[in-house]
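Opening the notebook on this one.

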Amino acid sequence: MSFIAGKLVTETLEYDAGRQVTVYIPPDPPQAFVFAGDGQLISQWGGILEEAGAPSTMIIGVHRLADETLRLHEYSPGFSPERFAAHEKFFVEDVHAWVRSRFEVTLPTERTAVFGVSAGGELSLAVGLRHPDIFGAIFCASPGGGYQPPDVMPGSIPRAYLVAGTLEPFFLDNASRWAAALRESGADVEMRERVAAHDDRMWRAEFPLMVAWAFGR
């Protein structure tokens, strides 16, 4: 991992026999907050924001399970509704409250986003649509296809930034489908296509662009 000016804090919270959360704390007081699944991966991207000169952003990364099937069941609401609901409550309520208390910050909706990649992209869409009072923006990279746009969208939808690669057509189709559905519902949507496959090089490169788009104004 490259040098970062900020710092990383990892603690274990009471959920599912203990679940780790890693928080990237920027060197300057945070202007924005990004909650993410796959936290052991995305929490490490603070240095990318520093190098890009992005707005000072705290990343709250909730760790994923090693079992890929169970990860998908937590992240996508269609497979195991009970497991998804339990993880959703932890992610939205418990982690949110812990961040406010542990780091003594306020989390204004207009400065708070939810972010995910691949199956985590489904999580960001599902959680963002369900909790527009908490998340003012959705960042979604290369979402999987287990969670489809609902027939009836919520009345209030966060702003959304989606990206996928031309070399991952399945995921590009899913992202494009979501972008179209969100636009049709009146949401502010940014959809980017990159010449890239399904890997974190594109996701890392796009992350500071997402943050600047949502919070650089």
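First, my terms: helices (H or I, at least four residues) and strands (E, at least two) are DSSP runs, numbered from the N terminus. I'm working on a predicted model, where local features need pLDDT of at least 70, side-chain atom pairs count only at pLDDT 80 or more, and totals for chains, interfaces and linings use all residues. Residues are numbered from 1 along each chain as its sequence is written, and side-chain values use heavy atoms, with hydrogens and water left out.

Entry one: the helix residue. I found S124 in helix α5. S124 is buried, at a relative accessible area of 0%; buried means under 20%, exposed over 50%, partly exposed in between (1.4 Å probe, protein chains only). I then listed its contacts (heavy atoms within 4.5 Å). Skipping neighbours within four places in sequence, S124 touches V114, F115, G116, I138, F139 and C140.

Entry two: strand β5. I checked residues 112–117, and six of the six are buried.

I count two strands as paired if DSSP finds at least two bridges between them. β3 (residues 32–36) runs parallel to β5, joined by four bridges, and A36 sits opposite F115. On to β6 (residues 137–141): it pairs with β5 in the parallel sense over five bridges. There, F139 is the bridge partner of F115. From β5 the chain goes through α5 (residues 119–130) to β6, a right-handed β-α-β crossover: with the strands pointing away from the viewer, the path from the first strand over the helix to the second runs clockwise.
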